[in-house]
Amino acid sequence: MASKLSHILSGLTFLSAVNAASAQTALTRAGKGIEYKAEAQVTASDGQTPLWLGANRQGLSSVKGDNGYLRAGIFRSATHDTLHNWRIGYGADIAVPYNFTSSFVIQQLYADFDYKKLRLSAGSKERPMQLKNNELSSGSQTFGINARPVPQIRVELPEYLSITGRSNWAAIKGHFGYGMLTDGGWQESYVVPGHHYAKKALYHTKAGYLRIGNEEKFPLVFEGGLEMACLFGGTVYNPIGREGVLDEKLEMGHGPKDFIDAIFGTGSDATDGEYANSAGNTLGSWLFSLSYKGKDWKLRAYYDHFFEDHSMMFFQYGWQDGLLGVEFTAPRNPAVTSLVYEYINTSYQSGPVYHDHTTAIPDQVSGSDNYYNHNLYAGWQHWGQAIGNPLFVSPLYNRNGRLDFTGNRFKAHHFGLSGDPATGLHYRLLYSYMRNWGTYSSPFEDVRYNSSFLAEAHYSPSHIGRLDTRGWQFGAAFALDRSKQYGNNTGFRLTVRKTGVLTK
């Protein structure tokens, strides 16, 4: 017995030594494969910046009609070491803008530590949407690409991991993390006196996705997932309770119990009184996708169902709201590469009636969800831009010193089209049409109709790939809004970008 134990301990010691050596080797490789990016961009508009010139750009944009920035960054992808178990990636990306909410922006500053399929990621990092076309979609409703990255620490499976062995018929991926919003000081300077805002708000996110199918062996593939988030902790100023403003300042909990409540959507806030609700601002989405791959084409349908708290998380109130989309990837041709159509409905929100149970009327009716808004935190936003889908008109477009989403009940049609008509030339077209009713508590007097259009093209003389190629890239864009919500805006944008390799 002692001999067997000795062999086991020796084996564990050997494996630990091997892993330690591998990790040390990863550090020595971290100076190789570094790439750089430098970019200059200028926007000129008549009115505010049109929606699709500013939206879904990871928050590096401005609603002020004339704006621009100089940007530079260095990056090393952990995938540079795909042949090794231990891998390190990192990035530093800064911008000096004008007519933005900041005069200096640390857009990205992060490090990724990979072991096989598992990753520990720390810092601010631009992350793509899941189960959507990141170039043509209007955006995810929970984790979009519209706002600045939030610094966080997260454990993740960034790529699908097979749970059925080499057959790869079923796979999972996901993440779990905590972070902190960085816009508390800006919120304080932006809001009008007496309006609520928060500083040092904590940020919890988690997501899990399941893929069933292997398109290399069978054309039909299903993907599904759950994304959830919670804003909690920090200090809330001018919080709104059931009787109006409660106090000038409210210190929110940030102990172990509060971190656990953020995970499970439990607990309550001081403003809830006897009608306890989920602690903080809790929200999320169910995502579903079904794709069929032909010989040289692909068709995919997807659905994004958003919920606030628990009222629309399951089927108690019916799933009348959601984002329904279709994406078609065309056979290789010089005109059209991909087509996207999306229909978004957020007008139901569990219905217009809200009533907490009382002794007189024991029934609970959890309607009037008020998507993206919250009585304590400044809604589902970061630096004034919606963290989710930008068709929820971001607070910055209000220009009234309030961080509310004033138009969260809408129905919209969204179209996207992209293509590569010549070597090194890539274009995309976006068009959205929306009818907006405001909110249940503050409806618009008349329905507001909004149309937004974008035409954008990029040319890469030293063409290697479709986007972000090494070498020079020149871009131009034209956009307009004809809208009672955004105003009538027309804008142009020019971009010059240089990317390359610092160390091989």
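**Exercise 1. The chain as a whole**

What share of the contacts in the protein chain with a separation of 6 or more is accounted for by residues 24 or more positions apart? Describe the overall make-up of the chain as well.

Solution. Step 1: the model is a predicted one. Step 2: among contacts with a separation of 6 or more, 64% are accounted for by residues 24 or more positions apart. Step 3: the secondary structure of the protein chain consists of four helices and 27 strands. Step 4: of the 504 residues in the protein chain, 52% are buried. Step 5: the accessible surface of the protein chain is about 23,100 Å², and carbon and sulfur atoms hold 62% of that surface.

**Exercise 2. A chain of rings around Tyr178**

Find the aromatic pairs of Tyr178 with Phe176 and with Phe232, and classify each of them.

Solution. Step 1: a pair of aromatic rings is described by the distance of the centres and the angle of the planes. Step 2: the whole structure contains 26 aromatic pairs. One of them joins Phe176 and Tyr178, with 5.6 Å from centre to centre and 85 degrees between the planes, an edge-to-face arrangement. Step 3: Phe176 is partly exposed at 33% relative accessibility, and Tyr178 is partly exposed at 22%. Step 4: the ring centres of Tyr178 and Phe232 are 6.3 Å apart and the planes stand at 75 degrees, so this pair is edge-to-face. The cut-off behind this step is that planes over 60 degrees apart count as edge-to-face. Step 5: Tyr178 belongs to strand E7 (residues 170-180) and Phe232 to strand E10 (residues 220-232), so the pair ties together parts 54 residues apart in sequence. Step 6: Phe232 has a relative accessible area of 5% and is therefore buried.

**Exercise 3. The nonpolar cores and Tyr372**

How many residues does the largest nonpolar core have, and which residues have the most contacts inside it? Then follow Tyr372 through its surroundings.

Solution. Step 1: the largest nonpolar core holds 69 residues, and Tyr203, Tyr372, Tyr377, Trp380 and Leu391 have the most contacts inside it. Step 2: strand E10 supplies the largest share of this core, with five residues. Step 3: a second, separate core has five residues, among them Leu60, Tyr69, Phe100 and Val105. Step 4: leaving aside residues up to four places away in sequence, the residues touched by Tyr372 include Ser140, Phe306, Trp380, Phe392 and Phe405. Step 5: ring pairs also join Tyr372 into a cluster with Phe306, Tyr371, Phe392, Phe405 and Phe410.

**Exercise 4. Charges over rings**

Which ring lies under Lys173, and which ring lies under the charged end of Arg448?

Solution. Step 1: Lys173 lies over the face of Tyr160, 4.6 Å from the ring centre. Step 2: the charged end of Arg448 sits over the ring of Phe444, at 3.7 Å from its centre.

**Exercise 5. The strands on either side of E18**

Strand E18 pairs with E17 and is joined to E23.

Solution. Step 1: strand E17 (residues 322-329) and strand E18 (residues 338-345) are antiparallel and pair over eight bridges. Step 2: Gly325 has Glu342 of E18 as its bridge partner. Step 3: E18 is also joined by eight bridges to strand E23 (residues 410-422), again running antiparallel. Step 4: Tyr343 has His413 of E23 as its bridge partner.

How values were computed
Residues are numbered from 1 along each chain as its sequence is written. This is a predicted model: local features need pLDDT of at least 70, side-chain atom pairs count only at pLDDT 80 or more; totals for chains, interfaces and linings use all residues. Side-chain values use heavy atoms; hydrogens and water are left out. Rings of Phe, Tyr and Trp (its six-membered ring) pair if their centres lie within 6.5 Å; planes under 30 degrees apart count as stacked, over 60 as edge-to-face and the rest as tilted. Buried means under 20% relative accessible area, exposed over 50%, partly exposed in between (1.4 Å probe, protein chains only). Helices (H or I, at least four residues) and strands (E, at least two) are DSSP runs, numbered from the N terminus. A charge sits over a ring if NZ of Lys or CZ of Arg is within 6 Å of the ring centre and within 35 degrees of the ring normal. Two strands pair if DSSP finds at least two bridges between them. A nonpolar core is a set of buried Ala, Val, Leu, Ile, Met, Phe, Trp, Tyr and Cys residues joined through side-chain atoms within 4.5 Å. Contact means heavy atoms within 4.5 Å. Accessible areas come from the Shrake-Rupley method with a 1.4 Å probe; for residues, only the protein chains shown count as cover.
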